[in-house]
Amino acid sequence: MKKKWILLAMAAIVFSSCELNETPKATATEEDIFGTESGLATYSYSFYEMLPDAGSAYNMDAMADYGAVNNLNSFIREGGYSAETSDGWSWGNLRNINYFIEHCNDPNVSEAVRNNYLGIARFFRAYFYLDKVIRFGDVPWVDHALDIDEDAILYGARDSRTVVMNHVMEDLDFAFQNISSTSSDGTLITKWTALGLKTRAALFEASFRKYHPELGLQESANNFYQHVVDAATELMEQGPHSLYTGAGVEASQRTLFISDAPVTQEVMLAVGMSSNLAVMSSANWWWTSATYGPRYSLVRPFINTILNLDGTPYTDRAGFQQEAFFDECQNRDYRLAQLIRTPGYQRAGVAAPPNFSSHTYTGYQPIKYTLDDPYYDNGAYNINAIPLMRYAEVLLNLAEAKAELGTITDADWAQTIGALRARAGVTGGLNILPTAVDRYLQQTFFPDINNPIILEIRRERQVELALEGFRFNDLKRWKRGELMANLEWSGIYVPALNVLMDLDHNGTYDVVFYDGNTGGPTVTVPPGCARVAIGGSSTNYQTLTTNNHLEWFKTQPRTWYEDGRQYLYPIPATAIVKNENLSQNPGW
């Protein structure tokens, strides 16, 4: 848990200071820290501050193509982002890690113990650099302790992503080979976490190289896909993790996100919470509030990709576009009901349909991270652990890598995609590779992909990992950034205005939509029924599509530049001013 790391990490206070060439001004000496196992452990806790914390781990998909929000991120606004506003070019964490690596050599501590903590340090160096490569592309590779005069890499040039990602693979190999811990409470790094991160890092790099020919690195993509296969296979065959199925098909996946303690059967790394240590999150507040969060609402094109229970595409249903909300939720992959409010969902024993009064714009209101008791809605009260790495991701990474290499078999499919779908109650297509292209999935999301296996793996990834912080990076590595601007932010079907709608068929009217150019609904609206204006001068962000689906923010254009500049962030202008050897990313 983060507070535990803060309380224990005396070294974080000592060595986060920029004055790394001075004797630390604290009671602990260098000999105390680097000359004992307890000192090394204490220092290593400081690295965990790099991970998402209780205040951010639940909203890492805040900017995604499938998330309609009340305020567009400046990154996808025309002219809203520039080198002058860019950030992230910071190196303090690297300084802390490299200082540790350089000084972890005291012979009073056994080599095996030192290598264990060096493995943890190198895990975090790989984590640090993966983030930098994803954000900026080429970055300076530095493997020594930085002096204060080198702050922010003032004078060096950028190294190629080839150099940096090769080092990332080396660091993760060292971490796996030398970290001694094979299990934890879910909040600490183990050797298996290192393998998990290797599958994540190698998959990003492999697909970025394959789908971005402008880099000239396509020939090396398969080497990284093979890294994914090797690491995932080792983890699956030798590691302790597996898919959690203990809560049945209707609840197992969501249980991973609402349990107080990490479900370590599947969760490989998590942000832990503790009411005793006052470490809690505001997940409920962010996901249910009208003002604290962005009123995040999933969109119809994404919801349409969630399969029927028999394994067939939902969009193969006759007349699916005109299905009422209640009907579209029936006989679907049980992850739909674990992801959003669907008919039958309750909070504290009371029916809780999509809340149009103060949250959802589309009708697809997420519940993945929220506890069902409304007590948690109005502050930082959540005590549910938040997964950062799951075994499910490793299965998806393996399936995608093998599909891209052309080596995936029926057995691989059953062990990965089939297993994930079976966990969610899907009954069809679990053991045999798909042979038919889903035209809706292809045309809406991936028009350049004709391989039905790759298409289905991408479907599975966006459903299984929805809202977990992967989506924007997935679109970048697949070179599908256009979806950030072009995916329709539409919602449930509205057959007509001024019609009271009982969304969950429990006998209570939930919402009525009316023409925003009039004074209000033309029907008598009972208490508790939300009134939503469609169009009108003051509410023009909520409109209807031509086929009578809710649509949000149509009048607020999202931008993805044709030159592709947004696949990388700009180097902050302040860094370039300080360092004449730095070059700017294309387009910025």
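**Strands, a core and a helix crossing**

Guide: Tyr-493 has His-549 in β11 as its bridge partner. This is a predicted model, in which local features need pLDDT of at least 70, side-chain atom pairs count only at pLDDT 80 or more, and totals for chains, interfaces and linings use all residues. Residues are numbered from 1 along each chain as its sequence is written, and side-chain values use heavy atoms, with hydrogens and water left out.

Visitor: How do you know that β7 and β11 pair?

Guide: Two strands pair if DSSP finds at least two bridges between them. Strands are DSSP runs of E with at least two residues, helices are runs of H or I with at least four, and both are numbered from the N terminus.

Visitor: Why do β7 and β10 stand at the edges?

Guide: The open sheet of three strands has the order β7-β11-β10. β7 (490-493) and β10 (542-544) each have a single partner strand, so one side of each lacks a neighbour in the sheet.

Visitor: Why is Leu-40 called buried?

Guide: Buried means under 20% relative accessible area, exposed over 50%, and partly exposed in between, with a 1.4 Å probe and protein chains only. Leu-40 has a relative accessible area of 0%, so Leu-40 counts as buried. This residue is found in helix α4 (residues 37-44). Contact means heavy atoms within 4.5 Å; beyond its neighbours within four places in sequence, Leu-40 is in contact with residues including Phe-100, Cys-104 and Tyr-117.

Visitor: What makes a set of residues a nonpolar core?

Guide: The members are buried Ala, Val, Leu, Ile, Met, Phe, Trp, Tyr and Cys residues joined through side-chain atoms within 4.5 Å. The largest such core has 166 residues, and Tyr-66, Phe-100, Phe-124, Tyr-129 and Leu-298 have the most contacts inside it. Helix α6 (residues 111-136) supplies the largest share of this core, 14 residues.

Visitor: How confident is the predictor in the protein chain?

Guide: pLDDT is the predictor's confidence in each residue, from 0 to 100. The chain has a mean pLDDT of 93, and 94% of its residues reach 70 or more. Over residues 1-26, however, the pLDDT is below 50, although this stretch has 50 contacts in the model beyond near neighbours in sequence. Where pLDDT is low, the predicted coordinates should not be read in detail.
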